[in-house]
Amino acid sequence: MNGEGGKERLQRFVPRLVQLLAEWTETFPYDFRDERVMGHVRSITQKVAAVDAAARQEVSALLQNLLLRLTALERYEEGLARLATEATTEQLSQVDVTELCPSATVLAQQLTHVELERLSYIGPEEFVQAFAKESPHLETSFKDMKKTRNLESYVQWFNRLSYFVATEVCKHAKKKQRVRVVEYWIETARECFNIGNFNSLMAIIAGLNMSPISRLKKTWSKVQLAKFSILEHQMDPSSNFSSYRSTLKAAMWRSAGATDERQRIVVPFFSLLVKDLYFLNEGCSNKLPNGHINFEKFWQLAKQVTEFIAWKQVACPFEKSPRVIAFLQASPVLTENALALASFECEPPDNNPEKERYKALKSELNAQ
C-alpha cells in the first residue's frame, strides 16, 4: 500500500481491519491467550495508530474489553481449581440436599445456574483446539497453542453431578429415606426437562442408573416409576438419541421465539454435542475430490457452533442460592468403590458375583 494512491487505500483499509479485530476479539477471545497472537496484535495496532489517529481510541477500547474478558476467565479457572481441592479434602457431608433445598423446582433452577455459568466460559475455539489435539497432521506449535480446560471441566461437572446423585442416595441407611431421595431427584430431573436443561437431566438419569443405585431393588420397589420411565425414554440413546434430538429441536424453536427469558434456556446434553462435532469434523474431508474446499462441512460445523454460542449467552433468570450452588459443586462425593460398598451396606448382596465384590471391597478397605 506504499505505492501510488497508497495513503487513500490505507485510510479505507484501516477501519475494516479494526472492525475485523473487533469481531475476532468479541467472538473468539480465547485465541488471544496465546502470546504469539498478542504479539501480532500489538504490532498491527501500533501500525494502525500511526496511520489513523481516530482509530487509536477504538483499538484501545477493544483491547481493554478483551483484557477484562481474559481476566474474568482466569478468575473463573482459579475458582474451579479451588473447588476441586475443597471437594477432595472435606469429609462426606452430613447435610442432605433435600434439607438444604426442599424444593426440587428450586434445585433444578440452581443446577441451571451452574450449567449456564460453566457453559458461558467455554470458548467456541476450544472445540477446534480439542480436535487439533487429536490430529497427527498439525504441527506441535498449534497443538500447544491453547488449553481446552473449560470444555474438559464442563465434562467433569457432568460426571460429578452423576456421582453426587448416587452419593446422596447411598448415604442413607434407611430405605424410606432412600426412596424419598430417589423420588426427589426424579422430580428435579423432570423440572430440568421443563426448563430445557438437558445436561443436568442426563447427569441425574446417569446417576440413578449407576449400578450401586440400580441394584437397590427394595428401594426401587417403593418408588413411583412412571415419571422416571418417561424421562428415560426422552433421553434414550437408541437410534442415535432420536427422542432427545426431537426434544432439543422443540426447545430450540421455543427459545428462538421466546419473549420470556425462562423460555430462552437451552442447555444441550454436552457430551453428545462434542461427539457430533467430532464426527462431523473427522467424518467429512476438508477438501472435495476436485481440490476445492468442502464448504458444506464447514457450514455445518459453523451452524452447530453458532447455535452453541447462542445457548451459552443466555442469562439465568432464576433467583440464585449461593449456599445450594456451593453444595452442588463442592460437597464431597463417593468414589466408584466407596459407592459400591455403601450400596451393599444399604441392601446386602443377593447373588454370588455381588458377594464376591463385597468381600473384595471389604478386604481392600481393611488393607488401607
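How accessible is arginine 245, and is this residue buried, partly exposed or exposed? Arginine 245 has a relative accessible area of 26% and is partly exposed; here buried means under 20% relative accessible area, exposed means over 50%, and partly exposed lies in between, with a 1.4 Å probe and protein chains only.

## Basis of the model

This is a predicted model, in which local features need pLDDT of at least 70 and side-chain atom pairs count only at pLDDT 80 or more, whereas totals for chains, interfaces and linings use all residues. Residues are numbered from 1 along each chain as its sequence is written, and side-chain values use heavy atoms, with hydrogens and water left out.

## Salt bridges

A search of the whole structure identifies 15 salt bridges, a salt bridge being a side-chain nitrogen of Lys or Arg within 4 Å of a carboxyl oxygen of Asp or Glu. One of them joins aspartate 276 to arginine 245, with an N to O distance of 2.8 Å. Aspartate 276 belongs to helix α15 (residues 270-283) and arginine 245 to helix α14 (residues 238-256), so the pair ties together parts that are 31 residues apart in sequence. Helices are DSSP runs of H or I with at least four residues, numbered from the N terminus. Like arginine 245, which is partly exposed, aspartate 276 is partly exposed, at 22% relative accessible area.

Arginine 215 and glutamate 354 form another salt bridge, their closest N and O atoms being 2.9 Å apart. Because arginine 215 lies in the loop between α11 (211-214) and α12 (217-220) and glutamate 354 in helix α19 (residues 352-367), this pair ties together parts that are 139 residues apart in sequence. Both arginine 215 and glutamate 354 are buried.

The side chains of arginine 36 and aspartate 34 also meet in a salt bridge, at 3.0 Å from N to O. Here arginine 36 is partly exposed at 43% relative accessibility, while aspartate 34 is buried at 6%.

## Surroundings of histidine 113

Histidine 113 is part of helix α5 (residues 104-120). Its relative accessible area is 10%, so histidine 113 counts as buried. Apart from neighbours within four places in sequence, histidine 113 is in contact (heavy atoms within 4.5 Å) with Cys316, Phe318, Glu319, Lys320 and Ile325.

## An isoleucine in a loop

Isoleucine 293 is located in the loop between α15 and α16 (295-312). At 44% relative accessibility, isoleucine 293 is partly exposed.

Note on methods:
Helices (H or I, at least four residues) and strands (E, at least two) are DSSP runs, numbered from the N terminus.
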